[in-house]
Amino acid sequence: MISAVYFGTHHFSAHILESLIKSGIFDIKLVITQPDRPVGRKKEIQASPVKAIAQKYNLKIEQPETLKGYALSESADFNITCQYGLIIPKAILETAKHASINVHTSLLPKYRGASPIQSALINGEKETGITIMMMDEKMDHGDILRQERVNIDSNDTYAELNEKLLAIAPQLLIQTVSDYVEGKITPQIQNHDEATFCKEFTREDGKIDWNKTGEQIYNLYRGLTPWPGIWAEYDGKRLKLLEIKPTSVHVEQGKITPQQDKLLAGCGQNTAIEIIKIQLEGKNSMNAKEFINGFKNIL
RNA sequence: CGCGGGGUAGAGCAACCAGGCAGCUCGUCGGGCCCAUAACCCGAAGGUUCUCGGUUCAAAUCCGAGCCCCGCAA
């Protein structure tokens, strides 16, 4: 058995954790995840997905507000991290007997940071991948152990790309750790000159700039859907575009135009998108036809 | 008590502010037109206006309480 302390918070990470457990070759001695946070309109306290998995398998859990100056109650052969969301100090990285290893959802050194999947989509990348790497004190900066590529289909959204990465990541991680233990891997230094960075997105990042082309806006949609989503100002209210696709029809820029049963919106350089599902602030989501029926007077 | 929008026919909305026959775009059903149609024409059905109470000759509309949905914020 390989012992490990696991650091993680979000869904992708929870899936990785469960895969490690199910592999039967890891002894997860401790799970570190972010504190329970208030979520939703009612501010209900909610546990992270990783915590939910840890509880399911009765693992030991700790949820420090910060790891700065924090001392782990357990140490292990490996520290394994994935989408933890907080900085892990060098002092803690060094508690691992073998190594501290991170699972990152891009082909490092590209897309270091908090939103590699979203950013790859927004930038219209044709491929991305999983990187298994050594951790050091700088974010996503350590030596690379293994990488595996996946193609990005032109219509992939965050959900699909996330699934593709999830389909290969657990096995790659498990195999890499096993090979590392057996001394089969030579860590490769990243080419730091080629590093690019991406930050965490907020709802503000989803505001549509109609000067951008239909393709650019579609890419933004692909990266930011379902969260935080893309939206436009309309009639003084927030109008979420829940589902869109590119179209070759030309309509007036920045204006939402009904055409038959379809809703079109003009973008930069004489391009356009078709809006399939939409939601106005205060309203439930509706499809284009419903929106046209109800709001044609003010379109 | 964090801020804000909303609940009206199967769907999406209007009418509410300023009380007086509940309407529009669709959908459904029937008929017509057509080589044909999701197009066009004619007609019909379909409502406890979220719930409870109050004011009034009269409440979708005004007042009070409650339930539910949603946008922001966190």
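Start by selecting strand S6, residues 78–82, where 5 of the 5 residues are buried. Buried means under 20% relative accessible area, exposed over 50%, and partly exposed in between, with a 1.4 Å probe and protein chains only. Strands (E, at least two residues) and helices (H or I, at least four) are DSSP runs, numbered from the N terminus.

Before moving on, note that this is a predicted model, in which local features need pLDDT of at least 70, side-chain atom pairs count only at pLDDT 80 or more, and totals for chains, interfaces and linings use all residues. Residues are numbered from 1 along each chain as its sequence is written, chains are lettered from A and ligands numbered from 1 in the order in which they are written, and side-chain values use heavy atoms, with hydrogens and water left out.

**Stop 1**

Show the side chains of S6. Phe78, Ile80 and Cys82 point one way. Asn79 and Thr81 point the other way. In a regular strand the side chains alternate between the two faces of the sheet.

S1 and S6 run parallel and are joined by 5 bridges. Find Tyr6: Ile80 in S6 stands opposite. S7 pairs with S6 in the parallel sense, over 4 bridges. Here Asn79 has Ser100 as its bridge partner.

**Stop 2: the whole sheet**

Zoom out. Which order do the strands of the open sheet take? Reading across, it is S5-S2-S1-S6-S7-S9-S10, 7 strands with mixed pairing. Two strands pair if DSSP finds at least two bridges between them. Strand S5 (61–62) and strand S10 (144–151) are the edges; each has a single partner strand, so one side of each lacks a neighbour in the sheet.

Select S10 together with strand S9, residues 127–134. These two run antiparallel, joined by 7 bridges. Glu127 stands opposite Asn151 in S10.

**Stop 3: the nonpolar cores**

Return to Phe78. Beyond its neighbours within four places in sequence, its contacts include Ile2, Val5, Ala96, Ile101, Val177 and Tyr180. Contact means heavy atoms within 4.5 Å.

Phe78 is also among the residues with the most contacts inside the largest nonpolar core, as are Tyr6, Phe26, Ile28, Ile130 and Leu173. That core has 44 residues. A nonpolar core is a set of buried Ala, Val, Leu, Ile, Met, Phe, Trp, Tyr and Cys residues joined through side-chain atoms within 4.5 Å. Helix H5, residues 158–181, gives the most to this core, with 10 residues. Apart from it lies another core, of 28 residues, among them Tyr234, Ala265, Ala288 and Phe291.

Stay on H5 and pick Ile168. Ile168 is buried, at a relative accessible area of 17%. Leaving aside neighbours within four places in sequence, Ile168 is in contact with Ile130, Glu148 and Val150. Draw a line from Ile168 to Glu148: the C-alpha atoms are 8.0 Å apart, and the two residues are 20 apart in sequence.

**Stop 4: a loop residue and a covered helix**

Go to Thr105, in the loop between S7 and strand S8 (112–113). Is Thr105 buried or exposed? Thr105 is buried, with a relative accessible area of 5%. Phe12, Pro116, Thr128, Ile130 and Leu165 are among its contacts beyond neighbours within four places in sequence.

Then select helix H6, residues 214–224. Of its 11 residues, 9 are buried. Among them are Ile217, Tyr218, Leu220 and Tyr221. The buried residues of H6 pack against elements including helix H4 (116–122), H5 and strand S12 (230–234).

**Stop 5: RNA strand B**

Last, show RNA strand B. It is surrounded by 19 residues, and the closest are Arg41, Gly282, Asn284, Glu290 and Gly294. A residue is near a strand if one of its heavy atoms lies within 4 Å of it. Helix H7 (288–295) is one of the elements that supply at least two residues of this surface. H7 gives the largest share, 5 residues.

Colour the surface by type. You get 4 nonpolar, 6 polar and 9 charged residues. Here Ala, Val, Leu, Ile, Met, Phe, Trp, Tyr, Cys and Pro count as nonpolar, Asp, Glu, Lys and Arg as charged, and the others, Gly among them, as polar.

A polar side-chain atom of Arg203 is 2.8 Å from a phosphate oxygen of RNA strand B. A polar backbone atom of Lys283 lies 3.0 Å from a sugar or linking oxygen. For Glu290, a side-chain N or O atom is 2.5 Å from a sugar or linking oxygen of RNA strand B.

Methods:
Polar contact = N/O pair within 3.5 Å; in protein donor to acceptor, adjacent residues only side chain to side chain.
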